[in-house]
Amino acid sequence: MTAYWTTHPGPLGDLLLTCDATGALTSLTVPGAPGAKGLPAPGTVRDDAPFAEARRELDAYFAGERDRFTLRLAPPPATDFRRRVWAALDEIPYGTTVSYGQLAAAIGVGGPAVRAVGGAIGANPLLIVRPCHRVVGADGSLTGYAGGLERKTWLLGLERTRTTVPAG
């Protein structure tokens, strides 16, 4: 089955997007992100067409005109734990942050599992779209982000300075 990739210029650099044959987004990475080294995968085809909606939604988000994404997502296979963490990321409201501990509590785990939550967040293949940038340290400090702390700071600043708007 053919998969596709494209790049999309934005304020964080040229984003690398991949999708499956149905057009569902499988990854979104930023320049220099750890998981981006092997992308695009061998056998994927460069084609901008399947990404028209993703480009439109990303541009609207960066312009402060969109507060959530409605794209079809098809991340690579993951453990049930990772899928639960990623689903919890999707529930973090635009313009807000939660701590790793709060996110762990939201999925019903705590204590040592907070570290595993951090690992699952770090494995998120859909940066920006799945808002892992909204997770911060217990004291509110900015902690790791696969796209780099400068980009995390920028994304949080964008969200805090914009009025929340409908996704439509």
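Predicted model: local features only at pLDDT ≥ 70, side-chain atom pairs only at ≥ 80, totals over all residues.
Strand E1 (residues 4-8) pairs with E2 in the antiparallel sense, over five bridges.

Moving on, strand E2 (residues 15-19) runs antiparallel to E3, with four bridges joining them. Cysteine 19 has leucine 25 as its bridge partner in E3. This hairpin has five residues between the strands, and here glycine 23 is the residue with a positive phi, near 95°. As for E3 itself (residues 25-29), the strand is mostly covered, with five of its five residues buried.

Helix H5 (residues 149-161) has 13 residues, and the distance from its first C-alpha to its last is 18 Å, close to the 18 Å expected at 1.5 Å a residue. Which residues of H5 are buried? They are Arg151, Lys152, Leu155, Leu156, Leu158 and Glu159. Those residues sit on the same side of H5, because they cover an arc of only 155° around the axis.

## Aromatic pairs

The count of aromatic pairs comes to four. Take tyrosine 61 and tyrosine 94: their ring centres are 6.3 Å apart and their planes are at 90°, so this pair is edge-to-face. Tyrosine 61 belongs to helix H1, while tyrosine 94 lies in the loop between helix H2 (80-90) and strand E5 (98-99), so the pair ties together parts that are 33 residues apart in sequence. Tyrosine 61 and tyrosine 94 are buried.

Phenylalanine 62 and tryptophan 154 form another edge-to-face pair, at 5.9 Å centre to centre with 65° between the planes. Since phenylalanine 62 lies in helix H1 and tryptophan 154 in helix H5, this pair ties together parts 92 residues apart in sequence. How exposed or buried are the two partners? Phenylalanine 62 is buried, with a relative accessible area of 11%, whereas tryptophan 154 is partly exposed at 33%. Together with Phe69, the residues Tyr61, Phe62, Tyr94 and Trp154 form one aromatic cluster.

## The nonpolar core

The largest nonpolar core has 38 residues, and Phe62, Leu103, Ile121 and Ile128 touch the most other members. At least two residues of this core come from each of E2, E3, H1, H2, H3, helix H4 (113-122) and H5. In general, nonpolar side chains tend to be buried together in soluble globular proteins.

Leaving out residues up to four places away in sequence, leucine 103 touches Val85, Ala88, Leu89, Ile92, Val98, Val117, Ile121 and Val135.

Terms used. Residues numbered from 1 in each chain as written. Heavy atoms only, no water. Buried < 20%, exposed > 50% of the residue type's maximum accessible area, 1.4 Å probe, protein only. Pairing = 2+ DSSP bridges. Expected span 1.5 Å × (residues − 1). Arc of directions from axis to C-beta. Phe/Tyr/Trp six-rings, centres within 6.5 Å; stacked < 30°, edge-to-face > 60°. Core = buried A, V, L, I, M, F, W, Y, C linked by side-chain atoms within 4.5 Å. Contact = heavy atoms within 4.5 Å.
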